Amino acid sequence: MATATPHHAPPPGGNQTTTPKTSAPSRAGDRIFRGLSRGSGITLLVIMAAIAVFLTYRAVLAISKNEGDFLTTSEWNPAGNPPVFGIAVLAFGTIVSSIIAMVIAVPIAIGIALFISHYAPRRLASPLAYVVDLLAAVPSIIYGLWGAIFLVPYLGGLNRWLDQYMGWTYVFDKSGEGVARNLFTVGVLLAIMILPIITNVTREVFLQVPRMHEEAALALGATRWETIRMSVLPFGRSGIISASMLGLGRALGETMAVAVVLSPSFLISGHILDPGGGTFAQNIAAKFNEANEFGRDALIASGLVLFVITLLVNGAARWIIGRRKEYSGANA
Amino acid sequence: MKLHRKTGLRATALGALVVSGALVLTACGSDDNASPDGTKKTTAASNIACEGAKGQLLAAGSTAQKNAMDLWVKNFQAACEGVEVNYQAIGSGGGITKFNQGQVAFAGSDSALKEEEVTESQKICKGGKGINLPMVGGPVAIGYKLDGVDGLVLDAATLAKIFNSKITKWNDPAIAKLNPGVKLPDLAIQAFHRSDESGTTQNLGKYLSEAAAAEWKHDPKTKSWPAPGGQAANGSSGVAAAVKDTNGAIGYFELSYATASSISTVKLNTGAAQPVEATPENASKAIAAAKVKGTGSDLALSLDYKTKAEGAYPIILVTYEIACDKGNKADTLPTLKAFLTYTASEEGQKVLSDAGYAPLPAEIATKVRQIVPTLS
C-alpha cells in the first residue's frame with residue numbers, strides 16, 4: 001500500500017524531439033537490435049502456431065472417435081463405451097457467465113474510470129486507480145476460495161430476492177432450494193476479476209480526450225456530466241469496446257475460480273440461479289486429473305474451441321483499437 | 001523527491017518485515033503441530049527391511065491413499081538411507097496412464113485395472129502384466145448437517161433416492177421410518193456430490209448400484225457424478241465444506257474429512273441388527289467379506305456391498321498398488337519390493353488406522369505379503 005507511486009499519464013506529445021527517427025539501420029547496434037526484435041516476433045508466431053497445431057492434432061484424434069456430435073451433444077463421457085462427448089453445455093455456460101460478467105462489469109468499470117479521470121480529486125484518484133489495478137494481481141484461486149466461502153453464502157439472499165421479484169423473467173426463476181453455486185454467482189465473480197483491465201484501459205482512453213473538446217463543451221455552458229456525454233464518451237467509445245473485449249477474453253478463459261465456485265452439471269438451463277452448467281476451462285480443470293488418455297484428448301478438443309473463441313475476441317479487440325490508433329489503449 | 005523516495009522505501013521494508021515475520025511465525029506453527037506425530041511414527045518404524053533398496057522410486061495415482069502414502073514414505077525413508085520414494089497424487093486415471101507409459105514404478109488406483117488397461121500394460125511389463133495389490137481400505141462416510149438431529153440412520157435404497165432427487169424433504173416418510181422417535185424437520189434436502197471426477201464417486205456409485213439396484217440405475221463405473229440434480233462442489237474438501245455450511249445438506253467423502261471438520265455421519269441400516277457407523281474398524285469388517293476375483297498373482301477384489309455382517313460398514317473404498325508381476329525395471333525392482341513389503345506388513349498396515357484408513361483384513365493382507373516377494 002505505502003509504495004503507491006503517483007501514476008500520471010504522460011502528457012501527449014511531450015518530448016518527442018529527443019528521439020529523432022533514423023531511416024536506415026546502418027550501425028551494428030541497430031542491426032543487432034533489429035535482428036533481435038524480428039527474432040522475438042517470429043518466436044511468438046512459432047509458439048502460437050505450435051499451440052494451435054498441438055491442440056488441433058489431439059482434438060482430431062478425439063473427435064474422430066466421438067460417437068456423439070461434438071458441437072451439439074450435452075454429455076461428457078469420453079471414458080464410456082462408446083465415447084460420447086460434446087461442448088454444447090460448456091459453450092452455453094461459458095457464454096452466459098461471460099455475458100453476466102460483462103453486464104455487471106462494464107458499467108461499473110466505466111463509472112470507476114470516469115470517476116478517476118474526471119471527478120475524483122487527484123489525491124484520491126491515483127490510489128484508487130492503484131487499488132483497482134491490484135485486483136488484477138490477486139491469483140484466481142484466491143478469488144475462487146473467496147467466492148466459495150464468502151460470496152456464495154452472501155449471494156443466497158440476493159438469489160432469493162431475484163427469484164421472488166424477478167422470477168417472472170424466466171431467467172431469474174429458481175426451481176428449488178439450493179446454495180448459490182450457479183452461473184449467476186460465477187458471473188458476479190468474473191465481473192470482479194475483469195474490472196481492472198476494463199477500468200484501466202478505459203481510463204487511459206478517457207485521459208486522452210483532447211482538452212480542447214472538453215473546454216469547448218464547458219465554454220458552451222455544459223455541465224460536467226454534459227461535457228462527459230458530449231465529448232468524453234463519444235471519443236472513448238471504441239476504447240470502451242476494446243477494453244470490454246479484453247475483459248471478455250479473460251472472463252471466457254477463467255478456470256480455477258469457476259471450478260471452485262460452480263456446481264456443474266451437464267444440462268443446459270436458462271435459469272441462471274439454479275445450480276448447473278459448466279464452462280470450458282472449468283470442465284478441463286475438473287476432469288483432467290482422472291481422465292484417461294482419450295479423455296484428455298477430448299478435453300483438449302474442447303480447449304481448442306475455447307482457444308479459437310478467445311483468439312476471435314482478442315483479435316476483435318485489437319482490430320477496434322487499431323482502427324483509431326491515436327488513442328490506443330494498447331499501451332495501458 | 002529524494003526524501004519522498006526514502007519514505008517509500010522505508011514503508012516497503014516495513015511491509016516486507018511484517019510479511020516475512022508472519023511467514024516465519026506460521027512456519028513455526030505448522031512445525032510444532034507435526035513433530036510429536038512424526039517422532040512417534042519414526043520410532044515405530046524400526047524393522048523395515050531395505051534389502052537392496054536404493055535411489056529414487058517414482059509412483060503416482062490415487063489421491064484417496066495420499067495420506068497413507070505420505071506416512072509410509074516418511075517411515076520408509078527414515079529407515080532406509082539414500083532412498084527416495086516420490087508419490088504424486090494425481091488421481092487414479094492419471095496414475096494408470098503414467099504406469100502404462102512406463103513413467104512410474106507403480107501406480108495407486110481406487111479401482112482395479114480394466115481389461116484393456118491390462119493389455120496395454122503388457123508393453124511395459126516385458127513378459128508379464130500389470131497386477132492389482134490391495135493395500136489401503138477406507139470407509140466413504142455420508143456426512144450430513146441437520147440441526148437437532150443426531151445419529152441419522154439411512155439405508156441403501158433411501159440413500160439412492162436422496163441422491164437421485166426422488167426424496168427431497170427431510171421429513172419424508174421413508175426417512176422417518178428408519179428413524180423412529182426422531183423429529184425430522186420440514187426442510188429441503190440439499191444433496192452434494194463431487195464436481196470433479198473421483199474414485200470416491202465411483203465407489204459410492206458401485207455400492208448404490210449393488211445394494212439398491214432398483215433405485216440406482218446409473219453406470220457404476222463412471223468417475224463423474226451420473227445422476228441428474230443435486231449440487232456439486234470441487235474435491236472432497238469442497239463437498240465437506242459445503243455440507244458443513246448448509247443446513248439440510250448431505251454429501252459423501254472419505255471419513256477423514258468428516259472427522260477433520262466434525263461433520264455428523266450417517267449410520268447405515270444394512271439389514272444387520274444394529275445400524276453401522278462409518279469407522280475404520282467397521283470398514284475392515286466389510287472388506288473381509290470381499291472375494292479375490294483376480295487370477296494368478298492379481299488380487300483385484302470383488303467387494304460385497306450387500307453384506308449384512310454385524311458391524312460391517314459397506315460403503316468402502318479399496319485402493320490398489322499396481323505393478324508388473326514380471327518385467328519390472330531392474331534398477332527400481334529391489335526398492336519397489338522393499339517398499340511394498342513394508343506397506344503390506346503388519347507394521348505398515350497398523351499405521352493406517354491413525355490416518356483414518358482401514359487396515360486390510362488378515363486374510364487379504366497375507367495374500368499380498370505372499371505376492372510381493374514374487375515380483376520380478
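Predicted model: local features only at pLDDT ≥ 70, side-chain atom pairs only at ≥ 80, totals over all residues.
Which residues of chain A does UniProt place under the feature "transmembrane region"? The unreviewed UniProt entry lists residues 41-64, 84-116, 128-156, 183-202, 251-273 and 298-321 of chain A under that name.

## Chain A and its annotated spans

Residues 298-321 of chain A, in turn, are 100% helix and 0% strand, with end C-alpha atoms that are 35 Å apart.

UniProt also lists residues 91-317 of chain A, again in an unreviewed entry, as "domain: ABC transmembrane type-1". This span of chain A is 77% helix and 0% strand, and its end C-alpha atoms are separated by 20 Å.

## A salt bridge in chain A

Side chains of opposite charge can pair when their charged atoms come close. In chain A, the side chains of Arg211(A) and Glu215(A) form a salt bridge, with a distance of 3.5 Å from N to O. Both Arg211(A) and Glu215(A) belong to helix H6 of chain A, which covers residues 211-219, and they are four residues apart, about one turn of the helix. Over all chains, the rule used here counts eight salt bridges.

For chain B, the unreviewed UniProt entry places the feature "domain: PBP" at residues 53-347.

## Where the domains of chain B meet

Between the two domains of chain B, 18 residues of domain 1 are in contact with 15 residues of domain 2. The area buried there is about 1200 Å², and carbon and sulfur atoms give 57% of it. Across this interface the rule finds zero salt bridges, but it does find three residue pairs in polar contact, both residues being at pLDDT 80 or more. On the side of domain 1 that touches domain 2, the elements giving two or more residues are H3, strand S4 (130-145) and strand S13 (316-324) of chain B. The residues of that side divide into 11 nonpolar, six polar and one charged.

## Where chain B meets chain A

The size of an interface is often given as the accessible area lost when the parts come together. Between chain B and chain A the buried area is about 1900 Å², of which carbon and sulfur atoms give 50%. In this interface 27 residues of chain B are in contact with 20 residues of chain A.

Between chain B and chain A there are zero salt bridges, while four residue pairs are in polar contact, both residues at pLDDT 80 or more. On the side of chain B that touches chain A, two or more residues come from each of helix H1 (2-44), helix H3 (92-100), strand S6 (190-194) and strand S7 (231-233) of chain B. H3(B) gives the most to this side, with four residues. Sorted by type, the residues of the side of chain B that touches chain A are six nonpolar, 18 polar and three charged.

Key: Residues numbered from 1 in each chain as written. Chains lettered and ligands numbered in written order. Heavy atoms only, no water. Contact = heavy atoms within 4.5 Å. Buried area = accessible area lost by both parts, 1.4 Å probe. Salt bridge = Lys/Arg side-chain N within 4 Å of Asp/Glu carboxyl O. Polar contact = N/O pair within 3.5 Å; in protein donor to acceptor, adjacent residues only side chain to side chain. Nonpolar A, V, L, I, M, F, W, Y, C, P; charged D, E, K, R; others polar. UniProt positions renumbered as here; feature names shortened; annotations may be inferred.
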